[in-house]
Amino acid sequence: PTTTGTYNIGIHGVSDKNMFYLWADNITVSAPIDGGAPDAVTALEATADQTGALKAVISGKAPTKTLNGSTLSSISSIIISRDGTPVKTLTGIQPGGNFSYTDAEVPTNGNHTWQVVCTNDKGQGKKAEISTFVGFDKPSPVTNVTTTETSNGKVHITWTAPTTDINGKPLGSTPITYKLVKASATTTVYADNLSATSFDMDVVTEGQEFFQVGVFAVTADGTSTGTAGPFMAVGFPYTLPYYESFAEKSLSSILGLQKVAGNGATWAINKDGDLGINSADNDGGFMSGKMSNLNDAGMVFTGKIDLTTAAKPVFKFQTYNIISEKDGELKYDINEIDVKIREVGTEEWTVLKHGTVNELCNGDTGVWKPVQVSLDAYKGKKVQVGIQGTCKYYVYVMIDKLQVCENLDHNLGVSGI
């Protein structure tokens, strides 16, 4: 402006239509700066004390030019402010010289901002600023969360304490406590204010359920992000014969879900008539896994099943073999199924059988067909079995009549009357 007065300052966004938003931030209005005043300092750093003390070292390099690009002949002072309040004035610094100041009176832990400006006979020059976190921040997450079932329904949980805060500062003797929660519903608290890095708890006194703990570290400066333990079945194993038929669109046992590849699968229990088919055993229910993209893969798996007294154990289920026609060509069900098993207490799954749905159904289309695998190699053990579906063409994989039982020479059953 050429005259003194009150002015309104506006920001006018000009763009093509339908470009929606324009953001403006950190708008300031200040007195004019003489072109002969010093340019901004460079290489500005704020280094917080690594012991967690409330102090920081502010360092940088004085400018060598004025704002108009001329050679800066001298610097009267360097003014350092913290959060807008001057805390130190340095003198005797030459243009291009290094400077350093230890701010040992930072009032609180947290993020703080330092502004640095040089002066000469033309006044204050261009400001520079730097921010850092001073003091301890919240602790880093715990690591190595393990859960061991010591007896049916009872678990022993351990974890490794964090040694630094989230900024890498050593916690040293900083007091840490721990909070244990249900990983899928963190408002369910199992234990709080623990000082030890282990905990024993009773999960169930009958039956079994899937269990996963989340562990948080807590200091006076905050709570870490949580670390989850393994997702595992805890409790009393199912005995033979194990049977899950989804009767009347319901579950009679626990089943876990796992995303294996891509977006995994969305598993649902369906009633007869859903998806245009009825259940394999006409009991009003079956299960489907719906996948969104090619090569998406998801698995459904059982709780613990006891094979310690089994003689000839097998895992059996039925799957539905889809068939359709497109452009005069039959489209067979090339979705893949992997039948898997793992011993209780281990994390790795072993594939017992692999094939496309059409292969596993021996080419019989538009019907439910049985799939069977021997579990002889796992006699005397406690196991979990799983069925993994992978999308190769059709959206759905359907399963029904999950059984772990003895492979009798004459094994009759009634599917309907």
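Colleague: Why is strand β3 described as largely enclosed by the rest of the structure?

Modeller: In this predicted model, 6 of the 6 residues of strand β3 (residues 77-82) are buried, so the strand is largely enclosed by the rest of the structure. Buried here means under 20% relative accessible area. S77, I79 and S81 point one way from β3, while I78, I80 and R82 point the other way, and all are buried.

Colleague: What makes β3 and strand β6 a pair?

Modeller: Two strands pair if at least two bridges are found between them. Here 6 bridges join β3 to strand β6 (residues 110-120), and the two strands run antiparallel. S77, for example, stands opposite T119 in β6.

Colleague: How do you know that β3 also pairs with strand β4?

Modeller: The requirement is again at least two bridges, and β3 pairs with strand β4 (residues 85-90) over 5 bridges in the antiparallel sense. In β4, K88 is the bridge partner of I80, and T85 is the bridge partner of R82. The hairpin of β3 and β4 has 2 residues between the strands, and D83 there takes a positive phi near 50°.

Colleague: What makes β9 and β13 edge strands of their sheet?

Modeller: The open sheet concerned has 3 strands in the order β9-β10-β13, with antiparallel pairing. β9 (143-151) and β13 (198-202) each have a single partner strand, so one side of each is left without a neighbour in the sheet. The twist averages 20° from one strand to the next. Strand β10 (residues 154-160) pairs with β13 over 5 bridges in the antiparallel sense, and K154 stands opposite D202 in β13.

Colleague: How many aromatic pairs does a search of the whole structure find, and why is the pair of F210 and F301 called edge-to-face?

Modeller: The search finds 12 aromatic pairs. For F210 and F301 the centre-to-centre distance is 5.6 Å and the angle between the planes is 80°. A pair requires centres within 6.5 Å, and planes over 60 degrees apart count as edge-to-face. F210 and F301 are both buried.

Colleague: What makes the pair of F231 and F301 edge-to-face?

Modeller: The ring centres of F231 and F301 are 6.3 Å apart and their planes stand at 85°, so this pair is edge-to-face. F231 lies in the loop between β17 (227-228) and β18 (232-235), whereas F301 is in strand β23, so the pair ties together parts that are 70 residues apart in sequence.

Colleague: Why does F231 count as partly exposed, and how do you know that F301 is buried?

Modeller: Buried means under 20% relative accessible area and exposed over 50%, with partly exposed in between. F231 has 36% relative accessibility and therefore counts as partly exposed. The relative accessible area of F301 is 3%, so F301 is buried.

Colleague: Which residues do ring pairs link into a cluster with F301, and what sits over the ring of F301?

Modeller: Ring pairs link F210, F231, F301 and W349 into a cluster. The charged end of R342 sits over the ring of F301, 5.7 Å from its centre. The distance limit for such an arrangement is 6 Å from the ring centre.

Colleague: Which residues lie closest to the centre of the second largest pocket?

Modeller: About 330 Å³ of space lies in the second largest pocket. Among its 17 lining residues, the closest to the centre are P230, F231, R342, T346 and E347. β9, β18 and β20 (255-261) each supply at least two residues of the lining, and the largest share, 3 residues, comes from β9.

How values were computed. Residues numbered from 1 in each chain as written. Predicted model: local features only at pLDDT ≥ 70, side-chain atom pairs only at ≥ 80, totals over all residues. Heavy atoms only, no water. Helix = DSSP H or I, 4+ residues; strand = E, 2+ residues; numbered from the N terminus. Axes fitted to C-alpha atoms, helices over the stretch in contact; angles between N-to-C directions. Buried < 20%, exposed > 50% of the residue type's maximum accessible area, 1.4 Å probe, protein only. Phe/Tyr/Trp six-rings, centres within 6.5 Å; stacked < 30°, edge-to-face > 60°. Lys NZ or Arg CZ within 6 Å of the ring centre and 35° of its normal. 1 Å grid on protein atoms, 1.4 Å probe; cavity = no way out; pocket = protein on both sides within 12 Å on 5 of 7 lines; lining within 4 Å. Points joined across faces, edges and corners; volume = space filled by probe spheres on them.
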